[in-house]
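Okay, thanks for making time, everyone. I'd like to walk you through one model, so let me put it up on the screen.

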Amino acid sequence: MSGVVPPPVAASSKSWTLKVRERGVEALPPDRLLPDGQPIYVASWIYVFGVASIASLIVIIGSGSILALKGPAWWHYTGVGHFFNSIHLWSVELFFFAMVVHLWGKYWMAAWRGGRGRVWVTGAVTFLVAIPAALTGYVSQQNFDAQWIATQAKDAMNSIGVGAFFNLTNFGQMYSYHVLLLPVAVVLLAGAHVLLVRRNGVVPPFELEKKLPPTVSAGPETEAPPSPTGAAS
């Protein structure tokens with residue numbers, strides 16, 4: 001028994017799904033979203049640090065998810081817990097190191113050139129949001145270090161007027177910020193940064209030949225000026 005193929009349904013111009021799809025393809029064509037080649041100037045160490053930031057962020061999310069599932073009693077009192085706690089810590093250290101090098105490198109390269117302002121802004125804001133994400137992680141350790149950091153840093157929060165909303169001595173609030181709100185914000189910003197790079201392309205290097213002074217070419221030899229006395233030498 002052969003099935004009957006229904007006739008194709010005409011797409012409505014008012015369909016929001018059609019509009020979203022068309023705008024998505026227009027903003028990120030497949031050849032830009034998943035390119036198979038890059039310009040030669042992409043072969044630079046500064047982009048290695050950008051990729052290292054993304055790779056370390058993946059390790060942070062993976063190891064942090066395991067720590068969140070098992071709880072403080074596990075990562076403080078078991079060997080496997082110590083291992084994943086160390087993986088989480090050092091991936092955070094690598095994340096900030098690679099991100100700072102990448103951020104400063106792109107700053108001196110003026111990565112916002114050519115209409116890439118949002119690319120630069122999303123990268124810089126990702127770094128700023130990652131700072132409180134790391135701070136809430138330090139105060140969520142459930143040890144003496146966490147207590148010391150929380151009590152010392154709470155005065156800074158009170159001095160800028162956010163202590164009532166961001167209480168570093170409240171473990172439940174800090175833990176919620178660390179495992180949910182701030183990581184989601186960092187991942188979304190990093191994803192937006194990568195998509196904008198795919199859309200706008202990598203910023204090209206400065207054209208140095210246009211900034212250098214013109215080379216003085218050697219002209220024909222000129223006669224020596226006469227001596228002040230008029231006598232030939």
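So, look at helix H3 and helix H8: H3 passes H8 in a left-handed crossing, where left-handed has the near helix turned anticlockwise from the far one by less than a right angle. Before I go on, this is a predicted model, where local features need pLDDT of at least 70 and side-chain atom pairs pLDDT 80 or more, while totals for chains, interfaces and linings use all residues. Numbering starts from 1 along each chain as its sequence is written, and side-chain values use heavy atoms, with hydrogens and water left out.

Back to the helices, which are DSSP runs of H or I, at least four residues, numbered from the N terminus. H3 covers residues 45-70 and H8 residues 171-200, and their axes come within 12 Å and cross at roughly 155°. Those axes are lines fitted to C-alpha atoms over the stretch in contact, with angles from 0 to 180 degrees between N-to-C directions. H3 and H8 are therefore roughly antiparallel, which is the word for angles over 145 degrees.

Who touches whom? On the H3 side we have Ile-54, Leu-57, Ile-61, Leu-67 and Ala-68, and they meet Tyr-175, Pro-183, Val-186, Val-187, Ala-190 and Val-194 in H8, with contact meaning heavy atoms within 4.5 Å. The residues of that contact divide into 11 nonpolar, no polar and no charged.

Now the aromatics. Rings of Phe, Tyr and Trp (its six-membered ring) pair if their centres lie within 6.5 Å; planes under 30 degrees apart are stacked, over 60 edge-to-face, and the rest tilted. By this rule the count comes to 13 aromatic pairs. Take Phe-95 and Phe-96: ring centres 5.6 Å apart, planes at 80°, so that pair is edge-to-face. Both Phe-95 and Phe-96 are buried, and for that word the cut-off is under 20% relative accessible area, with exposed over 50% and partly exposed in between (1.4 Å probe, protein chains only).

Tyr-107 and Trp-120 have ring centres 6.1 Å apart and planes at 40°, so they're tilted. Tyr-107 sits in H5 (residues 79-108) and Trp-120 in H6 (residues 117-138), so the pair ties together parts 13 residues apart in sequence. Tyr-107 is partly exposed at 36%, and Trp-120 is partly exposed at 22%.

Ala-110 is buried, at 11% relative accessible area.

Definitions and conventions: Helices (H or I, at least four residues) and strands (E, at least two) are DSSP runs, numbered from the N terminus. Angles under 35 degrees count as roughly parallel, over 145 as roughly antiparallel, 65 to 115 as roughly perpendicular and the rest as oblique. Ala, Val, Leu, Ile, Met, Phe, Trp, Tyr, Cys and Pro count as nonpolar, Asp, Glu, Lys and Arg as charged, and the others, Gly among them, as polar.
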